[in-house]
Amino acid sequence: MSETARPHPAVERVEAALLDAGVEPRVRWFETATPTAAAAAAELGVEVGAIANSLVFTLDGEPLLVMTSGAHRVDTAFLGERLGGRICRADPETVKAATGQTIGGVAPLGHPAPLRTVVDVALAGYPEIWAAAGHAHTVFPTTFDELVALTHGTPTPVTP
């Protein structure tokens, strides 16, 4: 892992969004990509559940960002019922259009426009959580409460 920042437009947007929210950006760069929660957790030496995956779905055709713990998968039928609609996995083009970022490095913020966001309540069980910072080689630390505030998200269980 490297603390050395490298210029990348998506990461710069994430850092700017963090600063705008009053949060000091502490982006860490990895030497190799960490596109999965397991890879990021191994690189950081933390539990996989402390990785906040940024997953983009559609809810009745509209983009929905689900920040979920890396310890489990989103139950789309369960979550769709809770949110009152049908959830489908977004295709790569929808993810890129909604976030300005590519799958494997999607951050919870720094998007072209605000996204409806739900934050997995399982993340509250970790004092520090890590989220992608706009690129598959990056992460930044945060807390559950800060993540909810940064995303204007709704704390929600994503599995029964």
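I'm counting two strands as paired if DSSP finds at least two bridges between them. This is a predicted model, so I treat what follows as read from a prediction.

**Pairing of β2.** I started with β2 and β6 (residues 129-132), which pair in the parallel sense over two bridges. In β6, A131 is the bridge partner of A52. Next I looked at β3 (residues 62-69): eight bridges join this strand to β2, and the two run antiparallel. There L59 stands opposite E62. The hairpin of β2 and β3 has two residues between the strands, and I noted that D60 takes a positive phi near 50°. β4 (residues 87-89) is also antiparallel to β2, with three bridges; T58 has C88 as its bridge partner in that strand.

**Cover on β2.** Is β2 mostly covered or mostly open? Covered: nine of the nine residues in 51-59 are buried. In a regular strand the side chains alternate between the two faces of the sheet. I checked each side, and both faces of β2 are covered. I51, N53, L55, F57 and L59 are buried on one side, and A52, S54, V56 and T58 on the other.

**Whole chain.** I get five helices and eight strands, in the order α-β-α-β-β-α-β-α-β-β-β-α-β. I find 50% of the residues buried. Of the contacts with a separation of 6 or more, 63% are between residues 24 or more positions apart. Last, I counted 10 positive and 18 negative side chains, with the centres of the two sets 4 Å apart.

Note on methods: Residues numbered from 1 in each chain as written. Predicted model: local features only at pLDDT ≥ 70, side-chain atom pairs only at ≥ 80, totals over all residues. Heavy atoms only, no water. Helix = DSSP H or I, 4+ residues; strand = E, 2+ residues; numbered from the N terminus. Buried < 20%, exposed > 50% of the residue type's maximum accessible area, 1.4 Å probe, protein only. Contact = heavy atoms within 4.5 Å. Lys, Arg positive; Asp, Glu negative; His and termini not counted. Charge placed at Lys NZ, Arg CZ, Asp CG, Glu CD.
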